[in-house]
Amino acid sequence: MNTKNLVVLSLLAGIGVVLHTVMPAFLTIKPDMMLAMMFLGIILIPEIKSVMLLSIVTGGLSALTTGFPGGQLPNIIDKPITALVFFGLFLALKHYRNSIISVAVLTAIGTLVSGTVFLGSAYYIVGLPSSFTALFAAGVLPAIALNTIIMVILYPVALSVVKRTKTSSIVISK
């Protein structure tokens, strides 16, 4: 893992934590905008070491900025699981990786996995302040929509920046 990749991943994590911090909460749960940045990092640098590092950092930062009562540990559990599922699906789509449609669908699936794992682990660890269905509808469904929209906008921009700067250390999926 080289320094350029670490800088890119840290910038994405920093942007994600700002988005996560300013996002308002609905029924004590807020859409996790940090996921979009984690997914973008996985797409730009699809290496297992980078994926695991980014997921651990993202989980820690999400835990620090969560508004969910007792949501620290569920955030730390959720991010590595979500990152590995997303990474596995990304690798499985070998021929369609650069398609904006596949990136949007992967983002929606990844956010769905993240929300389900987060709420499920919160249910078993600290309990839920409302019903699973209400929290899923108030937090996870809006997050799926927002993350997908953000990824559809940011992915082409990120690819353009990578190509213009000729950042050879970043892997652009073929």
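**Aromatic pairs and helix packing in the predicted model**

Four aromatic pairs, counted as 4 in total, were identified under the rule that rings of Phe, Tyr and Trp (its six-membered ring) pair if their centres lie within 6.5 Å, with planes under 30 degrees apart taken as stacked, over 60 as edge-to-face and the rest as tilted. In one of these, the rings of Phe-39 and Phe-86 have centres 4.3 Å apart and planes at 10°, so the pair is stacked. Because Phe-39 lies in helix H2 (residues 34–44) and Phe-86 in helix H4 (residues 72–92), this pair ties together parts that are 47 residues apart in sequence; helices here are DSSP runs (H or I, at least four residues), numbered from the N terminus. Both Phe-39 and Phe-86 are buried, where buried means under 20% relative accessible area, exposed over 50% and partly exposed in between (1.4 Å probe, protein chains only).

The structure is a predicted model, in which local features need pLDDT of at least 70 and side-chain atom pairs count only at pLDDT 80 or more, while totals for chains, interfaces and linings use all residues. Residues are numbered from 1 along each chain as its sequence is written, and side-chain values use heavy atoms, with hydrogens and water left out.

For Phe-68 and Phe-118, the ring centres are 5.1 Å apart and the planes stand at 75°, so the pair is edge-to-face. This pair links distant parts of the chain, with Phe-68 in the loop between helix H3 (48–65) and H4 and Phe-118 in helix H5 (residues 100–125), 50 residues apart. Phe-68 is buried, at a relative accessible area of 4%, and Phe-118 also counts as buried, at 8% relative accessibility.

The 26 residues of H5 should span 38 Å at 1.5 Å a residue, and its end C-alpha atoms are 37 Å apart, which agrees; the expected span is 1.5 Å times one less than the number of residues. Just after H5, Gly-127 takes a positive phi of about 85°.

The axes of H2 and helix H6 (residues 132–165) come within 10 Å and cross at roughly 40°, the axes being lines fitted to C-alpha atoms over the stretch in contact, with angles running from 0 to 180 degrees between N-to-C directions. Residues making this contact (heavy atoms within 4.5 Å) include Phe-39, Leu-40 and Ile-43 of H2 and Ile-150, Leu-154 and Ala-158 of H6.

Ser-55, found in helix H3, counts as buried at 0% relative accessibility. Residues up to four places away in sequence not being counted, Ser-55 touches Met-38, Lys-79, Pro-80 and Ala-83.

Technical notes:
Helix = DSSP H or I, 4+ residues; strand = E, 2+ residues; numbered from the N terminus.
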